[in-house]
Amino acid sequence: MTDTQTRRAFVTRSLALGCSLAASPLITPIALAGGPGENRLVVIILRGAMDGLDVLRPVGDRHLAALRPGLFGADAAGPGLALDDFFTLHPALDGLLPLWQAGELAFVPATSTPYRDRRSHFDGQDHLEAGTAGQMPPALSRDGWLNRLLTLLPGVDARTAFAVGRERMLILEGAAPMTQWEPGTDLNLSPQSRLLLAHLFQADPLFAEAGRTALDMTGATRADLPEDEMAGMMAPTSAGDADGLAAYVAQQMRGETRIASFSLSGWDTHQAQSRAILPALARLQAAILTLRTGLGPLWGQTTVLAMTEFGRTMRENGSRGTDHGTGGAMLLAGGAIRGKRMIGGWPGLAEADMYAGRDLMPLRDIRAYSAWAMRDLFGLPASDVAATVFPGLDMGETPDLLL
Amino acid sequence: MISTHTLAAIRFGTGLGPVGRTALDGAILWDSLRPESGGYDPSIIPWDTRRARALERRDVQRALRDAEDPALSARLQELNRMDRDDTFTELRTNMARLAFAPVGFFERLVRFWANHFAAQSRGGVLRAGRATQIEEAIRPNITGSFQQMLRAAALHPVMLLYLDQNASVGPFSRVGRRRGRGLNENLARELLELHTLGASGGYTQEDVTQVARLLTGLAVSLEDGFTFEPRIAEPGLLEVFGKRYGGRPMTLDHIIELLDDLALRPETAQHLASKLAQHFVSDSPDPQLVAHMSASYLHSGGDLMVLYRAMLEHPGAWDAPLSKTRAPSEMMAAAIRAMEVPRDMVTDLTSRQTRFFLAHPMEAMGEPFEQVPSPAGYGDSAAFWVTPQGLAARIDWAMELAQRVPEAPDPREFVDIAMADAASDTLRRAASGAETRAQGVGLILSAPEFNRR
C-alpha cells in the first residue's frame, strides 16, 4: 500500500462507504471564538548542536578568519550570501534569501539555554525542550515548555498542538492535550476492516476518540489536498524528509492546529563540516520553504523559531569540524515577524569575548525570545508566561519580535 | 463473569494462548515465581562488556580526531555494529521471554520493577545499558527482598550515570574542598521520590540534600566500573529522618544502611503497594487491597514474595474488570503467544528483521526499546498508551503479523484462543464479519479488548 495510486483508490472507496467526514481534522469548520486565536507558532528543534558561526557568518569580525582557516579558507567572506555589512548567510541557504529580503527572516546570532559547561547533547536538548534552568537536573524535567504554554491558552484540545514525526518531542509533552503524529503513517486495512475496527473502538470509551483519530488520520481525510502534497505525505518519513514533516504541519495549521513542533537532526559536525553540514542545511531550508508554501496566506500569521541545544566551538578542530560549544544562533522566520535584522547584538570573537575562551558568549537566554514570542502571538500577560512556561525566567526588555 | 484462569493469564500473566494451558489461579501464579527464572541470559551483554566497548570507542574516537587511520575507522564501525546487533539480540531475547513464558507473571514483574527503576544509557560512547541493568539488578531480585533490589538497581552503574551521581562530590570531601566542587542531587531526589517514599512521602528539600551528601562517594568510570571513592565522600554525620548516618571512615556501608532503612519506611510500603496494584489491577485499586499489601510487606520486612501473595490472595485483585492497557511490548508478546508463532521465528530474526518487525513498531507504539521517557519511567495509567499514533501503530503491526504467519487461523476460533471468555459478542461478530482470515485475526489483535489487561 505504499503505492499512491492504490492509496488514492482506497481513499475514494472509503469515502463512498461513508467514513465520517465530519470528524476529519481538515474539513471541520472551526469555531474559533474562545480558541487560542489565529496566530501560529512552529518550533523546530535542531538536534545535534548547529554551528551558528557557519550558518550565519560574522565576516565583519576580524577574528573570524583565524578561527576557521580550514573551514572558510583564506577568504572567509567569499562564498557567503551578504545579509548586511557584517553577516553573510551560508551559501546552501540561498533559498531563504527572498525571505530575508521580504522581512520574513531574522536571526539571533548569540543566544543559548542556561545549560553550561557539560556540553552533552542529551542534557542540552532536555534543557532546551523542558525550558528549565539552573540547578534543575534535566532528567527531572517531565514536561516541555510548549505544553506548559498550552495550559495558558483557552479552548485547547488535542488538535491545537502537534508534535510531528516519530521522534520523541519533550517540548510538547505534559499535562495539556496534544497529538503526536508521524506523517506517512498508513494502515494496510481493507475498507471493511476499517469499518469493523471503527465499530470496535467506538465500543470502548477509553479507546473511542484516539481510535477514531487514528483511523481518520490514516484514512479518508486527504481528499482536499493537491496531488503533489499528498504524494509527499505518502512517502515514509526519515531524517531526510523535512518536506514531509513541514507539509504535514502546514496542512494541520490550515485547520485547527496553532502550535507545532518537529525536529531536524544531523548538526553534529565534528568532522569535515563543510560537507557534513550540507544535508542538515538542506533540510532546514526545505522545511521553512515548504511551510511558507503550504501555509499560503496564513504565513502572514505564522512565526517559526528554529533552535538548537547549544552552539559549537569557535575554533575548528583537527578534523575540519567543530566540537560542542555554548552560544549559538537562533533563526526566526514567518510573515508575522519583524525580519531582515539581527536581534540581540554580537559579543565578538576576540578570545577575551568568548565564553570560557573557546565558545561564543551567549548574550541572552534563548527562553526570553521564546517567551516574548508567545506573549505577543497569543496575547498572554508576560507575568503568566514567566510564571508558568519558564518559571524563574527574567524576560527582560521586549525584543519586539513580531510586526 | 470472566473465569479466574482468564483473569490470571491476562491480568497477571502475558496472555492466553496455546502455551501453558493449565488452569491458572492466584496460588499457581505465586508458585510460578522461581528465583531461577532470574538467571542471566548469555545473550544480554554484561555491564563489564558494555563498559569495555565504550572505553575502546572513546579511545578510538579520540585517536581519529587527531589523525585519519583506516584501521581505526574500521574498528569504530565494528564496535558500532556490535553494539547495535547486540541491542537487537537483547530485544529478541526479552520479547521471547514475554511471549513464551509458561505463565508470564515473573516476566510481568520484571517489567514492573524495570519501570520502577527506570534508567537508560545517556548516549555518547556508552551506547546501551537498560537491558543490562534489568538483567543484572532487577531479574535476580524479583523473588527476594526489596532491600536487595533497591541496592542493586539504584546503585547500578547505568542508574548512577543516568542520574548524574558521577557529578556529585561532597563539598567538604578532599576533592570538594580542593576543587570547589559540590553536590548533584539528582539521584538523591529520585531515590526518595521515585524509588522509595514516593512523591507524597513527606520528605523535604533538606532531606534530599542530606541524602545527596550521604550518597557522595559513589562513582563510575569506564576504566574501573563501579567504585566507592572516599576522597569525594562527604565526611561527618548526616541526619535523615531523625537517624544519623555516615561518619569516618566513609564507606559504602553507610549508604547501604540508608537504603535498607528507606526500604522499610511505611511511606515506601504504601508507595510500592499502590503502584503495584495500579499496575496490575486498576488505575484506582481497592484501598483495602493496597492496605493489605502494604501491611504484609512491612510485616515481612520487605519480602517481595509476601507482597505479591498479599495482592494475589485479596479479592480486590480479582473483582475489577480488565481496565488496564497492555503496553506495546506486552501487546506484541500476547499476540505472538496467541498466534502460536514458533519461538525460533522470534529468536532467529536478523538485525534487519528485528528492526522491521519489533524495534520500529515498538517505537511507533510509544515504547522504544532501551529507552525510558524519564526517571519516572513510562506512565502507568490505562490512558497512557492510548494515543492515535500508538493505536495506528498497533493496528499496523497486528495486520502485518496476521498476514505474515504462513496460515492465519480462523478468526472465529482465534478469538477463543486469544480472549476466551473475555471476548465480547461485539468482538466475536466483528471477527466473523471480516473479509479474510488474516484481516479477521488482525482485527482481533487491534481491538481494544485485546489491548486491555
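Helix axes are here lines fitted to C-alpha atoms over the stretch in contact, and the angles between them run from 0 to 180 degrees between N-to-C directions. In this predicted model, helix α14 (residues 287–300) of chain B and helix α15 (residues 304–313) of chain B pack with their axes 8 Å apart and at an angle of about 155°. Because angles over 145 degrees count as roughly antiparallel, α14(B) is roughly antiparallel to α15(B). The crossing of α14(B) and α15(B) is right-handed. On the side of α14(B), the contact is made by L289(B), H292(B), M293(B), S296(B), Y297(B) and S300(B), while α15(B) brings V306(B), L307(B), A310(B) and M311(B). By class, the residues of this contact of α14(B) with α15(B) are seven nonpolar and three polar, with no charged residue.

| Domain of chain B | Residues |
|---|---|
| domain 1 | 32–160 |
| domain 2 | 163–263 |
| domain 3 | 328–366 + 387–446 |

Taken over C-alpha atoms, the centres of domain 2 of chain B and domain 3 of chain B are separated by 47 Å.

Chain A has 15 helices and 12 strands, and 51% of its 403 residues count as buried. Of the contacts in chain A with a separation of 6 or more, 73% are accounted for by residues 24 or more positions apart.

Between the chains, the contact takes 37 residues from chain A and 35 residues from chain B. On the side of chain A that touches chain B, the elements giving two or more residues are α6 (121–130), β7 (179–181), α8 (191–202) and α9 (205–218), of which α9(A) gives the most, with eight residues. That side of chain A has 17 nonpolar, 16 polar and four charged residues.

Definitions and conventions:
Residues numbered from 1 in each chain as written. Chains lettered and ligands numbered in written order. Predicted model: local features only at pLDDT ≥ 70, side-chain atom pairs only at ≥ 80, totals over all residues. Contact = placed C-beta atoms within 7 Å. Helix = DSSP H or I, 4+ residues; strand = E, 2+ residues; numbered from the N terminus. Nonpolar A, V, L, I, M, F, W, Y, C, P; charged D, E, K, R; others polar. Buried ≥ 20, exposed ≤ 12 C-beta atoms within 10 Å, placed from the backbone. Domains from an automatic or database assignment. Parallel < 35°, antiparallel > 145°, perpendicular 65-115°, else oblique. Left-handed = near helix turned anticlockwise from the far one by under 90°.
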